[in-house]
Amino acid sequence: MAGGGGEISFTVKFSGRSIPISTSAESTVEDLKSLLQPLTNVLPRGQKLIFKGKVLADSEALKASGLTNGAKVMLMASQGLHQGDGPILKEARSRPIRRSSNAGIAEKQKMAVSVDKTRLDRWKATGVVALAECNLMAIPDEVWACGTSTRTLDISSNSVQDIPSRIGSLTSVQRFMLSANGLSDEAVSWEGLASLKLLTVLSMSHNNLTSLPSALGSLGSLRQLDVSNNKLTSLPDEIGSLTRLELLKADNNRISSIPAGIGDCCALMEVDLSRNLLLQLPETLCNLRNLKALHLSNNGLKNLPHNLLKACTSLSTLDLHHTQITMDFIRQLEGWEGFDERRRLKHQKQLDFRVASSAEFDEGADKN
C-alpha cells in the first residue's frame, strides 16, 4: 500500500477503457472523481467507484480504501449523468436528407439546387435567401449572384460541407444560419466570415466543430451567437471583443474553462453553458451587469464567483441543476435577497401573478 503522502498509481476501468491514474495517496475518493470527470465525461455525482466489490465513499482517503500500486478500480456511470446529452454520447448530425427514388438523377443534382429566375429575383428583392432543408451539398452559385443584396442567408439542415472564403463577398449579410450541416473545423473559412462586419446573428449549432478561432472576435456587430451542440473544448479569448453580444448559447459541448475575457461582453443578457465540463467560472462574470439569465446545469461546478449575485443586478434566472452547488451555498452568497426578489417577480409575470409568494426556489440548485 502507498504510504504517507506518497503517490499511488492504479488503473480505472470504464466502458472498455483502461485509464491510468497517478495521484496522492492522501487524496479522497471525491478528489479522484473530479480528476476522472474530464477523462470520462461523467459528472462526479454520477460516478460509482468499486474496488474489490466495495463501493468507495467520497470522504474516504485512497490510502484508507486499500488501494495499492497496480490496483484496478471499476467506474460505473449513472444513467443520465454523462456530461452533455448530445455530442458526447452521440455524433452531432444534420437532419436526414430526403433522396429521390431515381438514384441517378439524385446523384447528378447533389452539388446544386435549381433556382428559377423568379426565386432569384425574389431573393434580390427581399434580401432573404432561404435554403433550409433543401438537400444541399454545397452553396449554389445563384447565392453568390445575389451579392450585396443578401441580408439573411439560411442554409441550415443540409449537408453543406464547405463555407468558402467567398462568403466574405456577401458584405450586407446580417443573419447567417448554418446549423445542422455536420460542418468540421476545416470546412469553415473564418477569414471569409470575419469579413461580414454587419453580421448580428450567427447560428452554427448541431455541427462537428471542435474549436473557434480568434477571428471570431472580428465580428464586432454580433448580437447573437449559437454554437451549441458541437464538440467545442473551449471558447477563444477574443470573445471579449464582442461587446454588442446579447445572447451566447454554447451548451452541450465539452468546454472545460471559460476565458476571463467574457467579462468584457458588457451587453450579454443571456448565457447558456449547460451540459459542459466546467469545474469553475471566471470572476469576470461579475462584470456582466446586464445579465438576466445564466444556465449552468449539468456541469461539475462546486461554487460560483463570490460576488455574482451582488454584482449582476439584472440576474433573475440561474439554472444550476445537476451541479454540486447546493441551496445552502446559494442562500449564503451576498446579494441573494435581491436576486430572489427579482426571480419571484419574473415568475409572477410569467404565470400571470398566480405564483404564491411562498413558492420554493426551484431553479437554482439541486436540493441534495
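User: What covers the buried residues of helix 1?

Analyst: Quick caveats: this is a predicted model, where local features need pLDDT of at least 70, side-chain atom pairs count only at pLDDT 80 or more, and totals for chains, interfaces and linings use all residues. Numbering starts from 1 along each chain as its sequence is written, and side-chain values use heavy atoms, with hydrogens and water left out. As for the cover, it includes strand 1 (7-14), strand 2 (17-24), strand 3 (47-51) and strand 5 (72-77). Helices (H or I, at least four residues) and strands (E, at least two) are DSSP runs, numbered from the N terminus.

User: Which residues of helix 1 are buried?

Analyst: Val 29, Leu 32, Lys 33, Ser 34, Leu 36, Gln 37 and Thr 40.

User: How do you know what span to expect for helix 1?

Analyst: The expected span is 1.5 Å times one less than the number of residues. Helix 1 (residues 29-40) has twelve residues and reaches 16 Å from first C-alpha to last, close to the 16 Å expected.

User: Why is Leu 75 called buried?

Analyst: Buried means under 20% relative accessible area, exposed over 50%, partly exposed in between (1.4 Å probe, protein chains only). Leu 75 has 4%, so it counts as buried. Leu 75 sits in strand 5.

User: What does Leu 75 touch?

Analyst: Going by contact (heavy atoms within 4.5 Å), and not counting residues up to four places away in sequence, its partners include Leu 36 and Thr 40.
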